[in-house]
Amino acid sequence: MKLIAPSVLSADFSKLGQEIKNVEKAGADWIHLDIMDGHFVPNITFGPEIVKTSKKSTDLCLDVHLMIENPDQYINQFIDAGADCISVHFEAVTHLSRTIQLIKQKDVKAGVALNPATPVNILEWVLEDLDFVVIMSVNPGFGGQSFIPNTIEKIKTLKTMIAQKNLKTLIEIDGGVNEKTIQKISEAGVDIFVAGSAIFKSNNYKETITKLKNKW
């Protein structure tokens, strides 16, 4: 099953609750929340309180993407706020296996995100512990960036690794997902598609989400 996860980073924050309800009605499968600290990435977004507020607006899975330094220090706060899935960046974690277990011991799905320059084989010895892997198809920090083309080969390599180990680990893509890019991304083996600007900057959420889903 393939899923669309609108990123609220591109939503209108003056009416965030309604924006989340609107994309849910329009056919969203997950809600993606990008947490940025101004250190690991050159931008600051929001913290656990926005996750808690979002939880009140939807029953959909809240997919919390921690683009922050020292994520272990904050994982429990985001779980308490209502996160259903949490991904941390390989590049920001010292003891990755321990961090994954910290997430999973609270019955929350655990993922690891990889920046564009980070190879997927770095995950070989933790892949079996992961529920999903987030492939960044733009350099993290800002919404609305263009898809990096060589990400397609990276996805295919990861898909092969998962198949060889006979795992059910899902592949999530984050960055530059739109009507022009989603078909090739889907064909490469992606399961979860994070889309921000493509959805929230469109005039009709339902029409846009339907068009995206029709491309896979």
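Predicted model: local features only at pLDDT ≥ 70, side-chain atom pairs only at ≥ 80, totals over all residues.
1. Leu3 touches Asp29, Trp30, Asp191, Ile192, Phe193 and Trp216 once residues up to four places away in sequence are set aside, a contact being heavy atoms within 4.5 Å. Leu3 belongs to strand β1 (residues 3-6), where strands (E, at least two residues) and helices (H or I, at least four) are DSSP runs numbered from the N terminus. With a relative accessible area of 11%, Leu3 is buried; buried means under 20% relative accessible area, exposed over 50%, and partly exposed in between, with a 1.4 Å probe and protein chains only.

2. Residues are numbered from 1 along each chain as its sequence is written, and side-chain values use heavy atoms, with hydrogens and water left out.

3. For the fold as a whole, the secondary structure comes to eight helices and eight strands. The radius of gyration, taken over C-alpha atoms, is 16 Å, close to the 17 Å that the globule rule gives for 216 residues, so the protein is as compact as a globular protein of that length; the rule itself is 2.2 Å times the number of residues to the power 0.38. Along the principal axes, the C-alpha atoms fill a box of roughly 45 × 35 × 30 Å.

4. Buried residues make up 53% of the 216 residues, and among contacts with a separation of 6 or more, 63% are accounted for by residues 24 or more positions apart. The protein exposes about 10,100 Å², of which carbon and sulfur atoms supply 46%, the areas coming from the Shrake-Rupley method with a 1.4 Å probe.

5. Strand β2 (residues 30-36) contains Ile31, which counts as buried at 0% relative accessibility. Leaving aside neighbours within four places in sequence, Ile31 is in contact with Pro6, Val8, Ile20, Val23, Thr58, Leu60, Cys61, Leu62 and Asp63. Ile31 and Val51 are 20 residues apart in sequence and, C-alpha to C-alpha, 10 Å apart in space.

6. In helix α4 (residues 96-104), the residues Leu96, Thr99, Ile100, Leu102 and Ile103 are buried. Seen down the axis of α4, these buried residues fall within an arc of 155°, so they line one face of the helix, the arc being that of the directions from the helix axis to the C-beta atoms. The buried residues of α4 pack against α3 (75-81), β4 (85-89) and β5 (109-114).

7. Two backbone positions deserve a check. Asn70, in the loop between β3 (61-67) and α3, has a positive phi of about 50° although it is not a glycine. Asp107, in the loop between α4 and β5, likewise is not a glycine and has a positive phi of about 60°; Asp107 is exposed, with a relative accessible area of 75%.

8. Helix α6 (residues 182-188) holds Ile185, which is buried with a relative accessible area of 0%. Not counting residues up to four places away in sequence, Ile185 touches Phe147, Ile152, Ile155, Ile173, Val177, Val190 and Phe193. The C-alpha atoms of Ile185 and Lys156, 29 residues apart along the chain, are separated by 9.5 Å.
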